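Subject: Structure handover and findings

Hello,

Here is the structure for you to look over. Please open it alongside this note.

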Amino acid sequence: MMLCSDATLLVHAYLDNELGAGESIELSRHLDGCLACSAALERHGQLRQLLQRVQPQYPIPDAARARVIAALPMSATDPASRSTQPRRLPTSKWRALPTALAASVLLLIGGGIGSLAQRQTTASHAMTEAVLSSHLRSLQAQHLTDVATSDRHTVKPWFDGKLDFSPQVRDLAADGFVLVGGRLDVLDGNRVAAIVYRRRLHAINLFQWPGPAADSLPTGVEAGDGFAAVHWTQDGMNFWAVSNLDRAELEVFAKSFLKAPPIPVPPDPRPQG
């Protein structure tokens with residue numbers, strides 16, 4: 001019988017038709033009897049359709065096109081261009097050419113920056129939806145932790161061999177954020193570490209996975225329905241924290257995590273030299 005933790009790891013492959021016949025049948029049977037996992041599958045499917053509809057476009061602005069055409073010394077559409085004598089532009093036109101071209105370039109760059117910002121906003125919104133869905137799934141399925149302990153020296157080694165990176169597990173009890181354990185999860189088709197903390201009765205999922213982005217400070221967003229998320233990058237790792245704490249308090253959690261010392265790497269027991 002398939003467990004919810006196993007089903008979670010297979011949902012994305014199921015949507016992409018990448019599972020074998022046996023796994024597909026087993027997962028289908030599990031989904032038929034598990035409301036939480038079937039709801040998660042539906043959410044992932046809707047998110048997948050949304051991302052497929054968002055197609056990046058790079059149109060040339062009409063204003064930029066008009067400026068470039070106006071700055072050209074001859075026009076292929078001008079009957080005069082067919083004459084054996086080339087048509088010369090007035091001196092004032094030649095002087096205006098650099099300005100027109102510069103304006104066109106600025107417009108093109110501006111359009112590219114706008115498109116990039118829009119894509120980044122769409123990606124951030126999609127990831128917010130994904131981490132919120134994983135957070136809710138962990139609460140509804142009563143599967144908040146795979147390893148339940150407040151000992152960070154137990155939680156961190158538990159991930160050895162299960163991931164191709166080592167997640168950060170830090171002691172934040174002095175700031176009121178108590179470690180309760182960790183688990184494996186999946187975001188955007190990748191296995192990630194979820195380190196779980198509590199603030200009073202509020203659970204906090206801190207998702208971690210490697211990424212190429214440069215270091216960034218915590219940025220909070222409203223995730224809807226009373227939930228908030230904070231994300232940042234540090235030392236080649238992506239961090240997303242999500243909870244039903246208010247946004248300001250979750251940002252305090254992020255800052256507490258950033259200033260807390262990581263678990264030191266144990267010395268190499270092998271003799272030196």
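The model is predicted, so local features need pLDDT of at least 70, side-chain atom pairs count only at pLDDT 80 or more, and totals for chains, interfaces and linings use all residues. Residues are numbered from 1 along each chain as its sequence is written, and side-chain values use heavy atoms, with hydrogens and water left out.

Salt bridges

A search of the whole structure gives five salt bridges (a side-chain nitrogen of Lys or Arg within 4 Å of a carboxyl oxygen of Asp or Glu). R137 and D185 form one of them, at 3.2 Å, N to O. R137 sits in helix α5 and D185 in strand β2 (residues 178-187), so this pair ties together parts that are 48 residues apart in sequence. Helices (H or I, at least four residues) and strands (E, at least two) are DSSP runs, numbered from the N terminus.

R183 also pairs with D185, at 3.0 Å, N to O. Buried means under 20% relative accessible area, exposed over 50%, and partly exposed in between (1.4 Å probe, protein chains only).

R200 and E249 form another salt bridge, at 3.0 Å, N to O. R200 is in the loop between β3 (190-199) and β4 (202-210), and E249 is in helix α7 (residues 247-259), so the pair ties together parts 49 residues apart in sequence. R200 is exposed at 54%. E249 is buried at 15%.

The serine

S134 lies in helix α5 (residues 91-140). S134 is buried, at 0% relative accessible area. Beyond neighbours within four places in sequence, S134 contacts R183, D185, V186, L187 and F207 (heavy atoms within 4.5 Å).

The strands

Strand β6 (residues 227-234) has seven of its eight residues buried, so it is largely enclosed by the rest of the structure. β5 (residues 216-224) runs antiparallel to β6, with six bridges. Strands pair if DSSP finds at least two bridges between them. T219 has H231 as its bridge partner in β6. Two residues separate β5 and β6 in their hairpin, where D225 takes a positive phi near 55°.

β6 and β7 (residues 237-243) are also antiparallel, joined by seven bridges. Q234 has M237 as its bridge partner in β7. Their hairpin has two residues between the strands, and D235 in the turn has a positive phi of about 50°.

Best regards
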